[in-house]
Amino acid sequence: MKMVLYHHFHITVQEYYRRGKQNLFPLFFECPHPGCLYHKKLRSHGYYQRNALTIYGGFIIFIKRYYCPCCGRTISLLPSFLAKRFQYTLSVILFVLFRKVVSGLSSRLIIERLKRLSGRFEFSTQHIRFYRRRFLANLPLITGFFSSKEIVFTQCNPAVLIRQIVCYPLPRFTEEYFSFNACHFLE
Ligand SMILES: [Zn+2]
């Protein structure tokens with residue numbers, strides 16, 4: 001399986017796109033693959049391109065890859081505003097989840113709002129249902145993550161957790177959650 005790491009670049013999607021291959025990519029001095037004991041610098045292994053769909057339009061951005069000369073496996077470094085296999089950025093997904101779960105809006109109304117913000121949105125009710133399902137399936141892990149940060153909830157309430165993620169704020173949550181659970185919070 002291709003390994004993905006998340007990195008918080010502290011810039012917007014637009015800025016990440018604008019900098020292209022000149023983004024400040026970190027260096028790694030050990031291999032993150034389980035069982036590999038390589039403790040030297042990982043090699044650069046080119047880039048690939050992928051979509052990052054935001055409310056204000058889509059960007060085709062570069063994703064950097066690294067290579068471990070010891071185990072021969074590669075690592076992709078995703079900016080923390082994205083999740084693997086999700087075309088929309090996490091802020092779009094959180095925008096949707098917040099309105100669905102916290103505000104209790106209907107999917108139809110959410111899609112209307114998205115369309116008003118962005119003329120070219122191809123969002124469907126299936127998207128919303130899928131994100132909601134992924135989020136609910138991960139509630140125990142998300143609660144566990146917050147407990148490890150001494151943010152304890154008395155009950156597993158999805159709306160409360162979404163508010164907490166938004167306040168954390170989201171990019172920091174994504175990155176720290178990944179180091180804690182070794183997966184993405186919607187995976
Ligand atoms: Zn390795």
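Is Glu150 buried or exposed, judging by its C-beta neighbours inside 10 Å? Glu150 counts as exposed, because 6 C-beta neighbours lie inside 10 Å; the cut-offs are 20 or more other C-beta atoms within 10 Å for buried, 12 or fewer for exposed, and partly exposed in between, with C-beta atoms placed from the backbone.

1. **What you are looking at.** This is a predicted model, in which local features need pLDDT of at least 70 and side-chain atom pairs count only at pLDDT 80 or more, while totals for chains, interfaces and linings use all residues. Residues are numbered from 1 along each chain as its sequence is written.

2. Where they meet, seven residues of domain 1 are in contact with ten residues of domain 2; contact here requires C-beta atoms, placed from the backbone, to lie within 7 Å. The side of domain 1 that touches domain 2 has four nonpolar, three polar and no charged residues. In these classes Ala, Val, Leu, Ile, Met, Phe, Trp, Tyr, Cys and Pro are nonpolar, Asp, Glu, Lys and Arg are charged, and the others, Gly among them, are polar.

3. **The sheet.** Four strands make an open sheet with mixed pairing, in the order β1-β4-β3-β2. At its edges are β1 (3-7) and β2 (43-54), each pairing on one side only. From one strand to the next, the twist averages 30 degrees. Two strands pair if DSSP finds at least two bridges between them.

4. **The β2-β3 hairpin.** Strands β2 and β3 (residues 57-67) run antiparallel and are joined by ten bridges. The hairpin passes from β2 to β3 through two residues.

5. **Helix α2.** In α2 (residues 90-102), the buried residues are Leu90, Val92, Ile93, Leu94, Val96, Leu97, Lys100 and Val101. An α-helix has 3.6 residues a turn, so residues three or four places apart point the same way. The buried residues of α2 pack against β2 as well as α3 (107-117), α4 (125-137), α6 (158-167) and α7 (170-181). Just after α2 comes Gly104, with a positive phi of about 70 degrees.

6. **How α2 meets α4.** The axes of α2 and α4 come within 10 Å and cross at roughly 85 degrees. This makes α2 roughly perpendicular to α4, because angles of 65 to 115 degrees fall in that class, whereas those under 35 are roughly parallel, those over 145 roughly antiparallel and the rest oblique. Axes are lines fitted to C-alpha atoms, for helices over the stretch in contact, and angles run from 0 to 180 degrees between N-to-C directions. On the α2 side, Ile93, Val96, Leu97, Lys100 and Val101 meet Ile128, Tyr131, Arg132 and Phe135 in α4. By class, this contact has seven nonpolar, no polar and two charged residues.

7. **The loop between α5 and α6.** Glu150, from the opening question, sits in the loop between α5 and α6. Phi of Glu150 is near 65 degrees, a positive value in a residue other than glycine. Ile151 is also found in the loop between α5 (139-148) and α6. With 13 other C-beta atoms within 10 Å, Ile151 is partly exposed. Leaving aside residues up to four places away in sequence, Ile151 touches Phe146 and Gln164.

8. **Other loops to check.** Arg85 lies in the loop between β4 (74-79) and α2. Although not a glycine, Arg85 has a positive phi of about 70 degrees, and Arg85 is exposed, with 9 other C-beta atoms within 10 Å. Leu24, in the loop between α1 (13-19) and β2, is exposed, with 9 other C-beta atoms within 10 Å. Finally, look at Pro169 in the loop between α6 and α7: a cis peptide bond joins Tyr168 and Pro169, with omega about 5 degrees.

Key. Contact = placed C-beta atoms within 7 Å.
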